[in-house]
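Keep the picture open while you read, and look for each part as it comes up.

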Amino acid sequence: MDSDTIIITDDNGNEKEFGVLFTFNSDEFEKSYVLYYDLGEDESEVYSSIYDEEGHLYPVETKEEWDMIEEVFQAFMAEDEG
């Protein structure tokens, strides 16, 4: 995923633009992840999805993946502050 923004279509067919915070790959889960935020809202809410080579997004489904994403996000935030 090479863009600074992504467009997500909701269940009603409405498109919304999100800013990409960062992407990363997990060797443990053999998946790629993107963390993003709503450009029209306060940046404090960050979302995460799995993405494939074509750029399709999929939901994160396991607690183990969410725990790993949280660790990566916390490390990113600590680097950003330092």
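## The overall shape

For a chain of 82 residues, a compact globule would have a radius of gyration near 12 Å, and the protein chain has 13 Å, which agrees. (That radius is taken over C-alpha atoms, and the globule rule is 2.2 Å times the number of residues to the power 0.38.) If you boxed up the C-alpha atoms along the principal axes, you'd need roughly 35 × 30 × 25 Å.

Before we go on, keep in mind that this is a predicted model, where local features need pLDDT of at least 70 and side-chain atom pairs count only at pLDDT 80 or more, while totals for chains, interfaces and linings use all residues. Residues are numbered from 1 along each chain as its sequence is written, and side-chain values use heavy atoms, with hydrogens and water left out.

## The parts list

How many helices and strands are in the protein chain? There are 1 helix and 5 strands, and along the sequence they follow the pattern β-β-β-β-β-α. Both kinds of element are DSSP runs numbered from the N terminus: helices are H or I with at least four residues, strands are E with at least two.

Of the 82 residues, 28% count as buried. Here buried means under 20% relative accessible area, exposed means over 50%, and partly exposed is in between (1.4 Å probe, protein chains only). As for contacts, meaning heavy atoms within 4.5 Å, take those in the protein chain with a separation of 6 or more: residues 24 or more positions apart account for 27% of them.

Helix H1 covers residues 63–81. At 1.5 Å a residue, its 19 residues should span 27 Å, and its end C-alpha atoms are 27 Å apart, which agrees. (The expected span is 1.5 Å times one less than the number of residues.)

Which residues of H1 are buried? They are Glu65, Met68, Ile69 and Phe73. These cover an arc of only 135° around the axis, which puts them on the same side of H1; the arc is that of the directions from the helix axis to the C-beta atoms.

## Aspartate 38 and its neighbours

Now find aspartate 38, in strand S3 (residues 31–38). Aspartate 38 is buried, with a relative accessible area of 6%. Its side chain joins that of lysine 16 through a polar contact of 2.7 Å. (A polar contact is a pair of N or O atoms within 3.5 Å; within protein, one must be able to donate a hydrogen and the other to accept it, and residues adjacent in sequence count only if both atoms are side-chain atoms.) A polar atom of the aspartate 38 side chain also lies 2.8 Å from the backbone nitrogen of glycine 40.

Leaving aside neighbours within four places in sequence, aspartate 38 is in contact with Lys16, Glu17, Phe18 and Tyr47.

## Rings that meet

Rings of Phe, Tyr and Trp (its six-membered ring) pair if their centres lie within 6.5 Å; planes under 30 degrees apart count as stacked, over 60 as edge-to-face and the rest as tilted. By this rule the count comes to 6 aromatic pairs. Phenylalanine 18 and tyrosine 47 form an edge-to-face pair, 5.8 Å centre to centre with 85° between the planes. Phenylalanine 18 lies in strand S2 (residues 15–26) and tyrosine 47 in strand S4 (residues 46–51), so the pair ties together parts that are 29 residues apart in sequence.

Phenylalanine 18 is buried at 9% relative accessible area, while tyrosine 47 counts as partly exposed at 30%. Elsewhere, ring pairs link Phe22, Phe24, Tyr33 and Phe76 into a cluster.

## Out on the surface

Is asparagine 25 buried or exposed? At 57% relative accessibility, asparagine 25 counts as exposed. This residue of strand S2 has a side chain that makes a polar contact of 2.5 Å with the side chain of serine 32.

Last stop: glutamate 30, in the loop between S2 and S3. Glutamate 30 is exposed, with a relative accessible area of 73%. Its phi is near 55°, a positive value in a residue other than glycine.
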